[in-house]
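Open the model in your viewer and keep the selection panel at hand. We will go from the whole chain to a sheet and then to a pocket.

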Amino acid sequence: MTDYRDEAPQILCDFLSYHETIKAHSQKTVDEYFLDLRNFFRYIKRSRDRSLQNLELDKISIMDVSITLIRTITLTDVYGYLTYLSRDRAQQPNSDKTEYGLSAATRSRKIATLRSFFNYLTQKAHLLEDNPVKELDSPKLKKTLPKYLTLNESLELLENVDGANRERDYCILTLFLNCGLRISELIGLNLSDIQGDALRVLGKGNKVRIVYLNDACKAALEGYIAVRRPISGRDRDALFLSSRDQRISRSNVHALVKKHLAQAGLDSSQYSSHKLRHTAATLMLQNGVDVKAVQEVLGHEHLNTTEIYTHIDNEALRVAARANPLGKVKPQKK
């Protein structure tokens, strides 16, 4: 995307630089912050200036936004913006067939951006005395359980890997299913990250963690490295290579996961590389691994992120249901 420094006022550039350098957030996260705040300030400008009322929101420049304008923003303004998001914001701005009104999850993410921005202005930059979003609630989100493959489906997936890149693809699927890697972590792996029976993984926020390899992962890595082509250039240390001898891309990985799911007779529209991460977490918990250990393996910052997997298939709840003395009572035949 266009460098935000070309489209953002200084106060916003400072905030984004803070997240990029001090907080070590990824470029993708910083870009999302920029897009969220650009949209918010466009809405604020249009709501304050009658001459902009008939102008499309995406045509409004925010280069003149300053702390003077920001100090006038109230919680009422923010509620107005959220109403706009839930009713009038296009879900796909560049499509003629778009629907309007963003989901609660999307609005919740945008609220998180506003909270982060105003917290920065009050607690870090000390440019605001009062935080207008301090009392702002997030939309109530529907709790959904993550989709995952069963053990048999996982075995079916691995058993049906075939094709020109069989060793590479098998290794990728094995690491997803055993180590629960994020796709960004997998494509970022280097040969030098393999350290004996462990893998050095660069996770979210540039946090490094060590993931230990079981026999299946070690065998899959050995099989792949035996056929991996040595290359030169900037990607020479990349663990997984594309057919063009470059570091494998996110889209390449998505495509190979979908391809092998379909080959295994599984619904490729229902599952993705991230669902394989869910599968790894679920299988570990189902087989007695402590939730804190799973948190470490997955690289979750907060335990409650990991705990969602404990609700998927809890054997203790099955035992409790069977233990009820009324559990064996059957209807009487008349």
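The stops below give what to select and what is there.

This is a predicted model, where local features need pLDDT of at least 70, side-chain atom pairs count only at pLDDT 80 or more, and totals for chains, interfaces and linings use all residues. Residues are numbered from 1 along each chain as its sequence is written, and side-chain values use heavy atoms, with hydrogens and water left out.

**Whole protein.** Show the cartoon: 14 helices and three strands. These are DSSP runs, helices H or I of at least four residues and strands E of at least two, numbered from the N terminus. Of 334 residues, 41% are buried (under 20% relative accessible area, 1.4 Å probe, protein chains only).

Select 194–195, strand 1, an edge strand like strand 3. The open sheet has the order 1-2-3 with antiparallel pairing; strands pair if DSSP finds at least two bridges between them. Next take 198–202: strand 2 pairs with strand 3 over five bridges. Find L202, which stands opposite V208 in strand 3.

**Second largest pocket.** Select T174, L177, N178, C179 and N214, which lie nearest its centre among 21 lining residues. A pocket is an open set of points on a 1 Å grid over the protein atoms alone, where a 1.4 Å probe fits, with protein on both sides within 12 Å along at least five of seven lines; lining residues have an atom within 4 Å of a point. Helix 7 supplies the largest share, five residues.

Notes: Buried < 20%, exposed > 50% of the residue type's maximum accessible area, 1.4 Å probe, protein only.
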